[in-house]
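Here are my notes for you to read alongside the structure. Have a look at it first, then work through the points in order.

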Amino acid sequence: MCLALPARVVLLRDDGSGVVDLGGVQKEVSLALVPEARIGDYVIVHVGHAIGLVDPEEAARTLALFAELAAHDGATVEATR
């Protein structure tokens, strides 16, 4: 299964790529499909490519849901030990 996640743009490169931050993890991605992206914007990242811009409030809600799922999954793993 593949997921597209919101990540914040932290660096723009001249070659159409950039660096995004997702919870402290930084990764270089292609920004070719969202040339309008600027530092501080949130983009949806899928397999190394930013595929669209996302509203900061929507990004925050989505990231909060993923954090909740991760916390729940961790609790499930602990309960099975």
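1. What share of the contacts in the chain with a separation of 6 or more is accounted for by residues 24 or more positions apart? It comes to 35%, where contact means heavy atoms within 4.5 Å.

2. Before going further, keep in mind that this is a predicted model, in which local features need pLDDT of at least 70 and side-chain atom pairs count only at pLDDT 80 or more, while totals for chains, interfaces and linings use all residues. Residues are numbered from 1 along each chain as its sequence is written, and side-chain values use heavy atoms, with hydrogens and water left out.

3. Now the overall layout. The chain has five strands and one helix, and along the sequence they come in the order β-β-β-β-β-α. Both kinds of element are DSSP runs numbered from the N terminus: helices are H or I with at least four residues, strands are E with at least two.

4. On to surface and interior. Of the 81 residues in the chain, 25% are buried; that label means under 20% relative accessible area, while exposed means over 50% and partly exposed lies in between (1.4 Å probe, protein chains only). The accessible surface of the chain is about 5,500 Å², and carbon and sulfur atoms hold 59% of that. These areas come from the Shrake-Rupley method with a 1.4 Å probe, and for residues only the protein chains shown count as cover.

5. Five of its six residues are buried, so strand 2 is largely enclosed by the rest of the structure.

6. Between strand 2 and strand 3 the hairpin has two residues, with glycine 23 in the turn at a positive phi of about 60°.

7. Further along, strand 4 (42-46) and strand 5 (residues 49-54) form an antiparallel pair with five bridges. Isoleucine 44 is partnered by glycine 52 in strand 5. Two residues separate these strands in their hairpin, where valine 47 has a positive phi of about 40°.

8. Aspartate 41 is partly exposed, at 27% relative accessible area. Leucine 53 is twelve residues away in sequence, yet the two C-alpha atoms are 7.3 Å apart. Beyond neighbours within four places in sequence, the contacts of aspartate 41 are Ala7, Arg8, Val9, Glu36 and Leu53.

9. Finally, the lining of the largest pocket. Strand 3 gives the largest share, three residues, and strands 1, 2, 3 and 4 each supply at least two. Among the lining residues are Leu3, Val20, Lys27 and His46. (On a 1 Å grid over the protein atoms alone, a pocket is an open set of points where a 1.4 Å probe fits, with protein on both sides within 12 Å along at least five of seven lines; lining residues have an atom within 4 Å of a point.)

Methods. Two strands pair if DSSP finds at least two bridges between them.
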